[in-house]
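Colleague: Thanks for making time for this. Could you show me the model, so that we can go through its packing together?

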Amino acid sequence: MKTFTRILVLLAGIAMICLGIWFVFHPGISLLSFTFFIGILMLVVGVFQIFSYFSNRGGQKVSGWILAEGILSVLLGILLLADQLEGTVTLVLVFGMWVLFAGIMRTIGAFAAKGENVQGWGWILALGILGIILGFISLFNPIVGAIGIVILVGTFFIVQGINCIATFFFVGKVK
């Protein structure tokens, strides 16, 4: 990797760590800005999915679910952007439902793993039950869900920043 690229990776890592720390210590504005970013992302992805559906329809058989997902993504993106406060509440509720659903699926998977004599199925079950509990807490106490989102995103940025800095040092030693 060229020196200039390595320096960019290092700077990106430092910026991500700073952003992650800022996210964790400024949860209100972080959540609003995250909602805005997700709204833009959903709008762009939805437009691309709709475009993809219509551009690929003639040459190959394309599922109508791609079009439905694209329309739903555009509508949710517009909702998140139109009223950021309501969009943030919606985002927190969707996050809670996602955690709840993932916990239910993990719990079901744990019992399937138990039936197959997979070792460690108890850990999967524990994580599933924890997900169910956290999902219910997020749904019935949106402030806790909002804090969960902010901590999750902040932690992600910090970990990715550390990864970039490690890449800077590791790539410098490889020849």
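Colleague: Which residues does Ser138 touch, not counting residues up to four places away in sequence?

Modeller: First, a word on the source: this is a predicted model, where local features need pLDDT of at least 70, side-chain atom pairs count only at pLDDT 80 or more, and totals for chains, interfaces and linings use all residues. Residues are numbered from 1 along each chain as its sequence is written, and side-chain values use heavy atoms, with hydrogens and water left out. Taking contact as heavy atoms within 4.5 Å, and leaving out residues up to four places away in sequence, Ser138 touches Phe95, Gly96 and Gly145.

Colleague: Is Ser138 buried or exposed?

Modeller: Ser138 sits in helix 5; helices here are DSSP runs of H or I with at least four residues, strands are runs of E with at least two, and both are numbered from the N terminus. Buried means under 20% relative accessible area, exposed over 50%, and partly exposed in between, with a 1.4 Å probe and protein chains only. Ser138 has a relative accessible area of 6%, so the class is buried.

Colleague: How are helix 4 and helix 5 oriented to each other?

Modeller: Axes are lines fitted to C-alpha atoms, for helices over the stretch in contact, and angles run from 0 to 180 degrees between N-to-C directions. The axes of helix 4 and helix 5 (residues 121-140) come within 7 Å and cross at roughly 160°. Angles under 35 degrees count as roughly parallel, 65 to 115 as roughly perpendicular, over 145 as roughly antiparallel and the rest as oblique. Helix 4 and helix 5 are therefore roughly antiparallel.

Colleague: And how are helix 1 and helix 2 oriented to each other?

Modeller: Helix 1 (residues 3-25) and helix 2 (residues 27-56) have axes that come within 6 Å and cross at roughly 115°. Trp22, Phe23, Val24 and Phe25 of helix 1 meet Pro27, Ile29, Ser30 and Phe34 of helix 2. Helix 1 and helix 2 are therefore roughly perpendicular.

Colleague: What distance does helix 4 reach from its first C-alpha to its last?

Modeller: The expected span is 1.5 Å times one less than the number of residues. Helix 4 (residues 84-115) has 32 residues, and 46 Å is expected. From first C-alpha to last, helix 4 comes close to that value, reaching 46 Å.

Colleague: How does Val89 count by relative accessibility?

Modeller: Val89 belongs to helix 4, and its C-alpha is separated by 9.8 Å from that of Leu32, 57 residues apart along the chain. At 41% relative accessibility, Val89 counts as partly exposed.
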